[in-house]
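Q: Could you take a close look at the backbone in one part of this model, and then walk me through the packing elsewhere?

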Amino acid sequence: MKVGFIGIGSMGWPMAAHLAKAGHAVTVFDLDAARTASFVREHAAAAAANIGEVGGEREIIITMLPTGADVRAVLMETDGGLAGRLGPGTLVVDMSSSEPVGTRELGAELAAHDIVLIDAPVSGGVLGAEAATLTIMIGGENEDAIGRATPVLEAMGGNLFRTGPLGSGHAMKALNNYVFAAGFTAAAEAMLVGEKFGLDPATMIDIINVSTGRNFNTEHSIKDHVLPGTFAFGFGLSLMAKDVGIAGDLAKQIGVDAPVATLIQDLWRDALAAEGADQDFTAAYRHWKKTR
Ligand code: NAD
């Protein structure tokens, strides 16, 4: 298929590479022109010099951008918006972790241009993107559009789930990352308390990892990136803070009391303010260690 891929960052790069390897005609665009140029040197793909060049005869546009606001800007705002340059019936698949309510609004606006939007955010991190084993959460009810997207999504993912109407994939993704962040927060707090009491952090992680307290973070993020002090999992602190914010805001928008989500949202907002947007999410531990 003729695929336009916008956003070849940590995740988008390996995802777009799998599409090129699978034989799709991929055109990539990223604000980082040097990154776009390196991608087309390494892969069988074309580069778009600006957002307008992504338009034209593309059958599917995939967005893998930091936020839903970025996705909206690309489609509706930048240089007049890509939406006006796409042919009727073009399918847009937003694989970023965007805000579900914003996604529904964008879907309605794109429908006025005869463009179909589905959401298909992912979980599995950079390693999952490289191995094409991502979990993909597909929101949307247009069966024809989802049928067209499926072979493209299968080239990037290992577990494809239908989650319901437009925006439901984004809601599911934010809720998953809230649980992910909460697991990290709890494990980090346990380690900080244990260390103050005199326990060895490495021994604590070894014990937790063969006990009932283990989670993805104790097995991977903390073990591989906090204990060695590398803080380089490959998922940005700003992105994690954004995701727990989406989950907390979603609870508020639909009137569900979610006190743990509110607390987690505040803790990650503080860590982001202290450590900075260019840090890995695991650097939140460093902030909490300094402040407790
Ligand atoms: P990233 O910051 O590494 O990459 C984002 C890319 O988008 C960058 O290359 C940037 O230059 C580009 N970009 C930003 N604005 C743009 C614009 N207007 N037009 C064109 N390009 C633009 O982010 P990432 O880690 O690849 O994450 C992308 C999305 O996937 C986010 O929504 C994130 O929450 C989600 N996600 C990330 C991970 C992970 O482990 N990194 C896992 C699952 C989901």
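A: Ala 132 lies in the loop between α5 (125–131) and β8 (134–139); helices (H or I, at least four residues) and strands (E, at least two) are DSSP runs, numbered from the N terminus. This is a predicted model, in which local features need pLDDT of at least 70 and side-chain atom pairs count only at pLDDT 80 or more, while totals for chains, interfaces and linings use all residues. Residues are numbered from 1 along each chain as its sequence is written, and side-chain values use heavy atoms, with hydrogens and water left out.

Although Ala 132 is not a glycine, its phi is positive, at about 55°. For context, most residues other than glycine have a negative phi. Ala 132 counts as buried because its relative accessibility is 17%; buried means under 20% relative accessible area, exposed over 50%, and partly exposed in between (1.4 Å probe, protein chains only).

Asp 114 also has a positive phi, of about 65°, without being a glycine. Its place is the loop between α4 and β6 (116–119), and at 46% relative accessibility Asp 114 counts as partly exposed.

Helix α4 (residues 100–111) holds Thr 103, which is buried at 4% relative accessible area. The Thr 103 side chain makes a polar contact with the side chain of His 170 at 2.7 Å; such a contact is a pair of N or O atoms within 3.5 Å, where within protein one must be able to donate a hydrogen and the other to accept it, and residues adjacent in sequence count only if both atoms are side-chain atoms. Leaving aside residues up to four places away in sequence, Thr 103 touches Ser 98, Leu 117, Asp 119, Leu 166, Gly 167 and His 170, with contact meaning heavy atoms within 4.5 Å.

Now for the nonpolar packing. The largest nonpolar core has 35 residues, and Phe 5, Met 15, Ile 62, Val 93 and Met 95 have the most contacts inside it. Here a core is a set of buried Ala, Val, Leu, Ile, Met, Phe, Trp, Tyr and Cys residues joined through side-chain atoms within 4.5 Å. Helix α1 (residues 12–21) gives the most to this core, with 6 residues. A second, separate core of 31 residues includes Phe 180, Ile 222, Val 244 and Ile 246.
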